[in-house]
Amino acid sequence: MIRLEHIDKYYNIGTINEVCLFKDFNLDINDGDFISVIGSNGSGKTSMLNLICGSLSPEKGKIILGGEDITKQKEFVRSRKIGRVYQDPSMGTCPSMTILENMSLADNKGSSYGLGLGTNKKRIGHYKELLSRLNLGLEDMLESKVGSLSGGQRQAMALLMTTMADIEFLILDEHTAALDPKTAEIIMELTDEIVREKNITTVMVTHNLRFAVEYGNRIMMMHNGNAIIDKSGSEKKSVMIDDLLERFNEISIESGNSL
Ligand SMILES: Nc1ncnc2c1ncn2[C@@H]1O[C@H](COP(=O)(O)OP(=O)(O)OP(=O)(O)O)[C@@H](O)[C@H]1O
């Protein structure tokens, strides 16, 4: 379980631009949860993910992972348990390296020998098997540079590479936003398949309301650093896209329709 406990988060402290984003923010993410997080621009979705990953520190409060207080734990240490796929497909892969080298890199993540070993030839069969499930023909392109792949192919690889390691927690930061509708659909289906198969606790930030409604067991809507909707199980199943659009409209009116 991940717990955000009494979190305060400010930006630009001590300046005229000081903003309080989270004030006594609390969130429990249960093992096995697949949460879709939606919300207007600036509502705090990415900041919440950054707090979990450790790229952002709270001014107050605790972050607990599996009973351990990780509030002060560095991001690279947390990354052994927490995987993240970004909006930009180029963030999760190394473009100047081949598919094989990228797969080896992901495979070696967290092990003591690190990069020094280079490509692990004995594991090629395993990499091919993993890549073949993407149905993109990448298993026959092991020597191709990842930089030559399409955005969708790279995002599929980023997802595969992130989940190759034995992570407990997966963060999807608008990971289909930069993809065309068809490719986004394929990546979303692949995501769901991997998350279910590996039973990884997942938080997915998305602006795609259909994905938010269709995937996962829990849906959250953020606004001004608060979760204004948080439904799971059968309650989540009854949430309709129109309900969410209506809530977005209400928020927009309350905020004076400002950007
Ligand atoms: N590094 C920063 N410095 C100052 N303010 C920041 C910083 N990062 C985020 N903010 C502010 O915090 C608020 C929340 O930003 P955040 O990126 O978490 O929102 P979001 O819900 O992910 O938005 P979007 O949907 O546009 O990605 C915004 O008002 C933003 O301007």
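Visitor: What is meant by the axis of a helix, and between which directions is an angle taken?

Guide: An axis is a line fitted to C-alpha atoms, for helices over the stretch in contact, and the angle is taken between N-to-C directions, from 0 to 180 degrees. In this predicted model, the axes of α5 and helix α6 (residues 181-198) come within 10 Å and cross at roughly 10 degrees.

Visitor: How is α5 oriented relative to α6, roughly parallel or roughly antiparallel?

Guide: Angles under 35 degrees count as roughly parallel, and therefore α5 is roughly parallel to α6.

Visitor: Which residues make the contact?

Guide: An α-helix has 3.6 residues a turn, so residues three or four places apart point the same way. On α5 the contact is made by G152, Q155, A156, L159 and T163. On α6, the residues involved are T183, I186, I187, L190, T191, I194 and K198. By class, this contact of α5 with α6 has 6 nonpolar, 5 polar and 1 charged residues.

Visitor: Is α5 mostly covered or mostly uncovered?

Guide: Helix α5 is mostly covered, with 13 of its 14 residues buried.

Visitor: What span should α5 have?

Guide: At 1.5 Å a residue, the 14 residues of α5 (residues 151-164) should span 20 Å. The end C-alpha atoms of α5 are 20 Å apart, which agrees.

Visitor: How many helices and strands are in the protein chain?

Guide: The protein chain has 9 helices and 10 strands. Its radius of gyration is 19 Å, close to the 18 Å that the globule rule gives for 259 residues, so the chain is as compact as a globular protein of that length. Buried residues make up 33% of the 259 residues.

Methods: Residues numbered from 1 in each chain as written. Predicted model: local features only at pLDDT ≥ 70, side-chain atom pairs only at ≥ 80, totals over all residues. Helix = DSSP H or I, 4+ residues; strand = E, 2+ residues; numbered from the N terminus. Expected span 1.5 Å × (residues − 1). Buried ≥ 20, exposed ≤ 12 C-beta atoms within 10 Å, placed from the backbone. Rg over C-alpha atoms; globule rule 2.2 N^0.38 Å. Parallel < 35°, antiparallel > 145°, perpendicular 65-115°, else oblique. Contact = placed C-beta atoms within 7 Å. Nonpolar A, V, L, I, M, F, W, Y, C, P; charged D, E, K, R; others polar.
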